[in-house]
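Hello,

Here is the structure I said I would pass on. My notes on what turned up in it follow below.

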Amino acid sequence: MTDRGNAQLLEEARDAVRREASGVLAVADQLDDSFTAVVRMLLECRGKVFVTGSGTSAAMARRMAHLLAVCGTPAVFIPAMDALHGTMGAVTAGDVLIAISRGGGSAEINDLARRVQARGAAVIAVTAAPESDLGALADQVVTLTTPPGADPGEVIAMGSTLVVGVWGDALAYVLMRLRRYGWDEFLDTHPAGAVGQAARTPEALPALSLDDATTEPGND
């Protein structure tokens with residue numbers, strides 16, 4: 001391949017990264033009262049937190065559940081179709097289900113959401129379509145949109161998955177600070193890998209207080 005061909009490939013790749021990055025950055029301006037409502041729901045949850053999705057959303061749901069748990073909010077990923085084959089027995093009254101579906105029309109996600117609501121669980125919909133079936137049935141709707149071009153052809157979920165991912169990251173991070181979840185607790189549940197072998201504990205994160213939105217000294 002010629003130098004010119006290499007340069008063109010690199011520029012196309014860089015443009016793709018820039019388009020997806022614009023979607024991630026746009027999430028900051030989409031954080032609103034729905035975000036704080038979800039924060040309160042998870043803080044007040046005395047049951048379990050489940051996260052679900054299908055297709056690419058399932059990958060992001062698994063990631064979100066993992067990071068919530070890592071940051072002090074116990075959560076697990078529940079595959080929607082597996083749940084419809086009996087796993088939803090783990091969902092009981094007082095639990096919260098975060099359902100990720102960009103279009104809000106996935107039959108298995110919506111069926112699961114209705115059924116866990118009947119079992120006494122609350123449903124949070126994370127979607128780009130608040131008027132969808134999922135948005136209509138959810139107890140709390142989070143609307144996340146993605147700038148044009150961040151998803152190739154507006155159908156391949158690339159930038160839109162990162163949009164959901166960074167929203168979940170912000171949620172996990174804020175909850176970690178509100179719970180005053182310290183690095184000692186984090187390291188206790190993360191003994192493996194390079195993180196578990198780290199010789200130095202990170203500087204404590206400043207604690208947050210939800211009632212008056214103040215920042216307080218952090219805990220180790």
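**The largest pocket**

By class, nine nonpolar, nine polar and one charged residues make up the lining of the largest pocket. Please keep in mind that this is a predicted model. The volume of the largest pocket is about 220 Å³. There are 19 residues in its lining, and those closest to the centre are Ser57, Arg102, Ser160, Thr161 and Val164. The most comes from α7, which gives four residues.

**The sheet**

The strands come next. Five of them form an open sheet, in the order β2-β1-β3-β4-β5, with parallel pairing. At the edges stand β2 (75-77) and β5 (140-143); each has a single partner strand, so one side of each has no neighbour in the sheet. From one strand to the next, the twist averages 20 degrees.

Here is how the strands are joined, pair by pair:

- β1 and β2 run parallel and are joined by three bridges. Val49 has Ala75 in β2 as its bridge partner.
- β1 (residues 49-53) and β3 (residues 96-100) also run parallel, with five bridges between them. Here Thr52 stands opposite Ala99 of β3.
- β3 pairs with β4 in the parallel sense, over five bridges. The bridge partner of Val96 in β4 is Ala122.

As background, strands of a sheet pair through backbone hydrogen bonds, either parallel or antiparallel.

How many of the residues of β1 are buried? Five of the five are, so β1 is largely enclosed by the rest of the structure. In a regular strand the side chains alternate between the two faces of the sheet. In β1, both faces are covered: Val49, Val51 and Gly53 are buried on one side, and Phe50 and Thr52 are buried on the other.

**The nonpolar core**

The largest nonpolar core holds 39 residues, and the members that touch the most others are Leu42, Leu68, Ile98, Val126, Trp167 and Leu171. Which elements give two or more residues to this core? They are α2 (33-44), β1, α3, β2, β3, β4, α7 and α8 (183-188). The largest share, nine residues, comes from α7.

**A loop residue**

Val91 lies in the loop between α4 (80-83) and β3. Is Val91 buried or exposed? Its relative accessible area is 2%, under the 20% that counts as buried, so Val91 is buried. A separation of 25 Å lies between the C-alpha atoms of Val91 and Ala170, which are 79 residues apart along the chain.

Regards

Terms used:
Residues numbered from 1 in each chain as written. Predicted model: local features only at pLDDT ≥ 70, side-chain atom pairs only at ≥ 80, totals over all residues. Heavy atoms only, no water. Pairing = 2+ DSSP bridges. Axes fitted to C-alpha atoms, helices over the stretch in contact; angles between N-to-C directions. 1 Å grid on protein atoms, 1.4 Å probe; cavity = no way out; pocket = protein on both sides within 12 Å on 5 of 7 lines; lining within 4 Å. Points joined across faces, edges and corners; volume = space filled by probe spheres on them. Nonpolar A, V, L, I, M, F, W, Y, C, P; charged D, E, K, R; others polar. Core = buried A, V, L, I, M, F, W, Y, C linked by side-chain atoms within 4.5 Å. Buried < 20%, exposed > 50% of the residue type's maximum accessible area, 1.4 Å probe, protein only.
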